[in-house]
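Here is a short briefing on side-chain contacts. Look at the sequence and the model, then read on.

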Amino acid sequence: MFSLLRFRNRIINICNSDSIMRSIHTAAFLFFLLLLPLSLKATSLASDFIYIDGERWNLLWKPIYEDSALAKRLIEFLPKERTVSTADVHGFTAHWIIKDGYLYLQKIEICRLDQGKEPLFFDVDELKEVFAPYYKHGRICARWFSGELRAGRGKIIRNQLLGFDRDQEEECIMKVKKGKIIRKRVYRN
């Protein structure tokens, strides 16, 4: 009986030591980290809008971010009292249009922190200082952008909830070089 009691006390002393407790806490923390991805959900990014042949599409990219200095100037220009979220980290939506074979910025929309208020819109003339290198004859041509743009409309068929990784019923893929639309193809998913 005496040796069993000594054994029990020794186990209690070992379990009370700092190193064992740290090991138990570390193991519990690692177990929590393993379970974390099961409970987290990613967020799709909020799209800009583009008008193609008079129809509104979701633009599945943010062309303004292709020029980091331009994006910084815009963010500094916009009012600080705007709604931001994981889907829209800078709190603005750009509206674009294809006109005469070029990609033009029409306006910037922000939602105010006070949900009861209407969104604010900044038109081309209000943005001309921010976009000065690209502003000409009352228009802002996206000459800073070269690459591929995807636009979609209709029902979302597949959504990976990560960035713009989603497919819609109808999609338009555009190849752009310095703001000029080089190629445009429309697909039905």
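Is Cys172 buried or exposed? Cys172 is buried, because its relative accessible area is 0%, and buried means under 20%. Keep in mind that this is a predicted model.

**Cysteines**

- Cys141 also counts as buried, at 7% relative accessibility.
- The structure holds 0 disulfides.
- No pair of cysteine sulfur atoms therefore lies within 2.5 Å, the cut-off for a disulfide.

**Salt bridges: the count**

- Side chains of opposite charge can pair when their charged atoms come close.
- In this model the count comes to 7 salt bridges.
- Three of them are described below, one by one.

**Lys184 and Asp53**

- Lys184 forms a salt bridge with Asp53. The closest N and O atoms are 3.3 Å apart.
- This pair links distant parts of the chain, 131 residues apart.
- Lys184 sits in strand β10, residues 180-188. Asp53 sits in the loop between β1 (48-52) and β2 (55-59).
- Lys184 counts as partly exposed, at 37% relative accessibility.
- Asp53 is exposed, because its relative accessible area is 67% and the cut-off for exposed is over 50%.

**Arg153 and Glu55**

- The side chains of Arg153 and Glu55 meet in a salt bridge, at 3.2 Å from N to O.
- Here too the pair links distant parts of the chain, 98 residues apart.
- Arg153 belongs to strand β8, residues 147-159. Glu55 belongs to strand β2.
- Arg153 is partly exposed, with a relative accessible area of 23%.
- Glu55 is partly exposed as well, with a relative accessible area of 41%.
- Which residues are linked in a network of salt bridges? They are Glu55, Arg153 and Glu170.

**Asp100 and Arg139**

- Asp100 and Arg139 meet through their side chains in a salt bridge, at 3.4 Å from N to O.
- The pair links distant parts of the chain, 39 residues apart.
- Asp100 lies in the loop between β3 (93-99) and β4 (102-110). Arg139 lies in strand β7, residues 139-141.
- Asp100 is exposed, with a relative accessible area of 60%.
- Arg139 is partly exposed, with a relative accessible area of 29%.
- The side chains of Asp100 and Arg139 are also joined by a polar contact of 3.4 Å.
- How many residues apart along the chain are Asp100 and Ile181? They are 81 residues apart, and their C-alpha atoms are separated by 9.2 Å.

**Aromatic pairs**

- A pair of aromatic rings is described by the distance of the centres and the angle of the planes.
- The structure holds 6 aromatic pairs.
- One of them joins Phe77 and Phe122. The rings are 5.6 Å apart, centre to centre, with 70° between the planes. This pair is edge-to-face, because that label needs an angle over 60 degrees.
- Phe77 lies in helix α3 (residues 68-77) and Phe122 in strand β5 (residues 120-123), so the pair ties together parts that are 45 residues apart in sequence.
- Phe77 is partly exposed at 34% relative accessibility, whereas Phe122 counts as buried at 12%.
- Phe131 and Trp144 form another aromatic pair. Their centres are 5.8 Å apart, with 35° between the planes, and the pair is tilted.
- Phe131 lies in the loop between α4 (124-127) and β6 (135-136), and Trp144 in the loop between β7 and β8. The pair ties together parts that are 13 residues apart in sequence.
- Phe131 is buried, with a relative accessible area of 0%. Trp144 is buried too, with a relative accessible area of 12%.
- Which residues form one aromatic cluster? Trp96, Phe131, Tyr134 and Trp144 do.

**Charges over rings**

- Arg56 lies over the face of Phe49, at 3.6 Å from the ring centre.
- Lys62 lies over the face of Phe92, at 5.8 Å from the ring centre.

Note on methods
Residues numbered from 1 in each chain as written. Predicted model: local features only at pLDDT ≥ 70, side-chain atom pairs only at ≥ 80, totals over all residues. Heavy atoms only, no water. Buried < 20%, exposed > 50% of the residue type's maximum accessible area, 1.4 Å probe, protein only. Salt bridge = Lys/Arg side-chain N within 4 Å of Asp/Glu carboxyl O. Helix = DSSP H or I, 4+ residues; strand = E, 2+ residues; numbered from the N terminus. Phe/Tyr/Trp six-rings, centres within 6.5 Å; stacked < 30°, edge-to-face > 60°. Lys NZ or Arg CZ within 6 Å of the ring centre and 35° of its normal. Polar contact = N/O pair within 3.5 Å; in protein donor to acceptor, adjacent residues only side chain to side chain.
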